[in-house]
Amino acid sequence: MRPIIGMPGSAYAGSPLVRSFDFASTAPDGRNALVAKDQSLYLVRRLDGGAPVWREFAKQAAVPSRVVWSDGAESVGLLNADATQLDLWSGLASEPKLAGSVSVSGITERIVSLAVDKNAGFAFAATQGQSSGTLYLLTAGAEPRMLMPLTQAGALLLAGNALYVADRGLSTVTRVTNWAQNPNLANVASAGSGVADPVGVALSQDGKLLYVANAESRQILAYDLGSNSLKGALDLDFVPSGLDRMGSNSLFLLRNGIAGEQPAQVLDTNAQKVYFVPVGLAVSGGE
């Protein structure tokens, strides 16, 4: 778990802030992380400061198979090791507490992606079977509710009262609203407007633009949500694997780096450029 040091275009991955853990997941704000170590879960804060602050999150806790944060890192969802239960935690900025749990043992398809509400009141899961997938609404104490079928499940993005769902098989991004009653589905980007195997979706800081990372065409597309029209495209010289926010509202991780082998690829939407960030081999030492 490393900070990015320097300015866009001349940045590099710094020394590890946290070492020797069983599992770790960094929040979109870049300031917090959830770390599993020595059979306990910890909330690690102030990753952007001089010294991280560790707080025990849960004792004698099994390592989760997946962690999903709300966009502002107010809440988190923890999927257990055998993917049968999703625990929803709220109050991460002050006093973390378990808001509820959802049994997903009845879902036979593989969970591909998750999204969680900022108050940990509900979550969404995109799942994939052999030939098709499903989008589910997950609410504590209730059975998973199917919202829509998918051809090939992709990324989920929950922003306010709208959920953006990428279908890699259809090459579409669908906006879902009013999910608690009669879901309203609207395609906001499709193959006809340039989408080709969408592996990530993100919103601009003002919420007016939707960014889509295409694996097939190696592009980042920007759509105007007011008109659902394509506003621009940025060509890449590599295949992106996601579109994950990195602290700043304008920085997104397109591809992870591999220490000593492959640089990380970072998109700056303000500059409309992609920068590579070298990742050197970590020097051994303490935390």
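The second largest pocket of this predicted model has a volume of about 240 Å³. A pocket here is an open set of points on a 1 Å grid over the protein atoms alone, where a 1.4 Å probe fits and protein lies on both sides within 12 Å along at least five of seven lines. Grid points are joined across faces, edges and corners, and the volume is the space filled by probe spheres set on the points. The lining of the second largest pocket consists of 13 residues, a lining residue being one with an atom within 4 Å of a point. Tyr 211, Ala 222, Gly 232, Thr 269 and Gln 272 lie nearest the centre of this pocket.

Several strands contribute to that lining. Strands are DSSP runs of E with at least two residues, and helices are runs of H or I with at least four, numbered from the N terminus. At least two lining residues come from each of β20 (209-214), β21 (219-224), β22 (229-235) and β25 (264-268). The largest share, 4 residues, is supplied by β22. By residue class, the lining holds 8 nonpolar, 3 polar and 2 charged residues. In this division Ala, Val, Leu, Ile, Met, Phe, Trp, Tyr, Cys and Pro count as nonpolar, Asp, Glu, Lys and Arg as charged, and the others, Gly among them, as polar.

The chain as a whole has 26 strands and 0 helices. Of its 287 residues, 47% count as buried, a term that means under 20% relative accessible area with a 1.4 Å probe, protein chains only. Residues are numbered from 1 along each chain as its sequence is written. Local features need pLDDT of at least 70 and side-chain atom pairs count only at pLDDT 80 or more, while totals for chains, interfaces and linings use all residues, and side-chain values use heavy atoms, with hydrogens and water left out.

On the side of strand β7 (residues 66-69), β8 pairs in the antiparallel sense over 4 bridges; pairing requires at least two bridges found by DSSP. The bridge partner of Arg 66 is Leu 79, and that of Val 68 is Gly 77. The hairpin of β7 and β8 has 6 residues between the strands, where Ala 73 takes a positive phi near 65°. Strand β9 (residues 85-90) also pairs with β8 in the antiparallel sense over 4 bridges, with Trp 89 as the bridge partner of Val 76. In the hairpin of β8 and β9, 5 residues lie between the strands, and Ala 83 in the turn has a positive phi of about 55°.

Two loop residues complete the picture. Leu 170 lies between β16 (162-167) and β17 (172-177), and touches Thr 151 and Ala 191, not counting residues up to four places away in sequence; contact means heavy atoms within 4.5 Å. Asp 197, in the loop between β18 (184-189) and β19 (198-203), counts as buried because its relative accessible area is 17%.

Terms used
Buried < 20%, exposed > 50% of the residue type's maximum accessible area, 1.4 Å probe, protein only.
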